[in-house]
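Biologist: Before we discuss this fold, could we put the sequence and the model side by side, and then work through the architecture step by step?

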Amino acid sequence: MTYAITSASNDCSVGAGWFHDLCGPDVRNWDDLFDTDHARSGASLCQNRGQPPMNHHWTPLVIAPPEWVDDVVRWDADYSTDEAGMRLAIELALQNVQRRTGGPFGAAIVEQGSGRLVSVGVNSVVRLNNSVLHAEMMAIMLAQQRVGSYTLHESERDHVLVTSCDPCAMCLGGALWSGVRRVVTGADRADASALSFDEGPVFPESYTYLESRGVRVTRGVLRSEAAAVLELYRKQGGPIYNA
Ligand SMILES: [Zn+2]
């Protein structure tokens, strides 16, 4: 059984891909999806539930920053201070706005102590038509790809997520599961809300919970500089994609 989601073509009628397992001719309706065989196999709900078997053509899901990132990021620089990491996150956010490649948010994953830069992310929701591609999520995914693990927690060094704005509910949860041990933020939630960006269900207790799980949070680093990028985006008339 293959769980890859990047198969170029999986033919449900004859193929052996994972989609075949979910869409096979024995799946006819909602009840079938909860049939014990499927429940035991751990099969999730099929997007084509109730439909007859058909051909499915898959294309790879490519998640990458815009090409200009290579011209902006100095990978060999020392990002061991919160301010250094934040300046990078803000610069990424600024470039993303000026080059019109996404929303006014940038992020980076840095090794605690050594200050080694592991990954960067910029908001790519509109550019890649993907609602989860906030800067923090991109940085987390690319960092885990680079270290070759689903968690950054088991690395020799702790990792820090530096983000130009307080994370939304998704990214705060993503930070928890990512294995980073610190989160450093720039602009305040209120700064983003002023542009009508909705951060979702994030509460003071959310931060308390992260702290209780061993994820320290430092907020408001270079806040005014980070908030200035949000204001620039507003002046440019950038789209508010989650309002
Ligand atoms: Zn987010």
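**Strand pairing and the core**

Modeller: In this predicted model, Val-184 stands opposite Thr-218 in strand 7.

Biologist: Over how many bridges do strand 6 and strand 7 pair, and in which sense?

Modeller: Besides the position of Val-184 opposite Thr-218, Arg-182 stands opposite Arg-216 in strand 7. Strand 7 covers residues 216-218, and its pairing with strand 6 is parallel, over three bridges.

Biologist: Why is strand 6 largely enclosed by the rest of the structure?

Modeller: Strand 6 runs over residues 182-187, and a residue counts as buried when 20 or more other C-beta atoms lie within 10 Å of its own. Strand 6 is largely enclosed because the number of its six residues that are buried is six.

Biologist: Which strands stand at the edges of the sheet?

Modeller: Five strands form an open sheet with mixed pairing, in the order 4-3-5-6-7. An edge strand here has a single partner strand, so one side of it is left without a neighbour in the sheet, and this applies to strand 4 (117-122) and strand 7.

Biologist: At about what angle does helix 5 run to strand 3?

Modeller: Helix 5, residues 82-98, lies across strand 3 (106-111), strand 4, strand 5, strand 6 and strand 7. Its direction relative to strand 3 is given by an angle of about 150 degrees.

Biologist: Which element gives the most residues to the largest nonpolar core?

Modeller: This core has 51 residues, and among those that touch the most other members are Ala-89, Leu-161 and Val-162. Several elements each supply at least two residues of the core, including strand 3, helix 6 (135-147) and helix 10 (223-236). The element that gives the most, with eight residues, is helix 5.

Conventions. Residues are numbered from 1 along each chain as its sequence is written. This is a predicted model: local features need pLDDT of at least 70, side-chain atom pairs count only at pLDDT 80 or more; totals for chains, interfaces and linings use all residues. A residue is buried if 20 or more other C-beta atoms lie within 10 Å of its own, exposed if 12 or fewer, and partly exposed in between; C-beta atoms are placed from the backbone. Helices (H or I, at least four residues) and strands (E, at least two) are DSSP runs, numbered from the N terminus. Two strands pair if DSSP finds at least two bridges between them. Two residues are in contact if their C-beta atoms, placed from the backbone, lie within 7 Å. Axes are lines fitted to C-alpha atoms, for helices over the stretch in contact, and angles run from 0 to 180 degrees between N-to-C directions. A nonpolar core is a set of buried Ala, Val, Leu, Ile, Met, Phe, Trp, Tyr and Cys residues joined through C-beta atoms within 7 Å.
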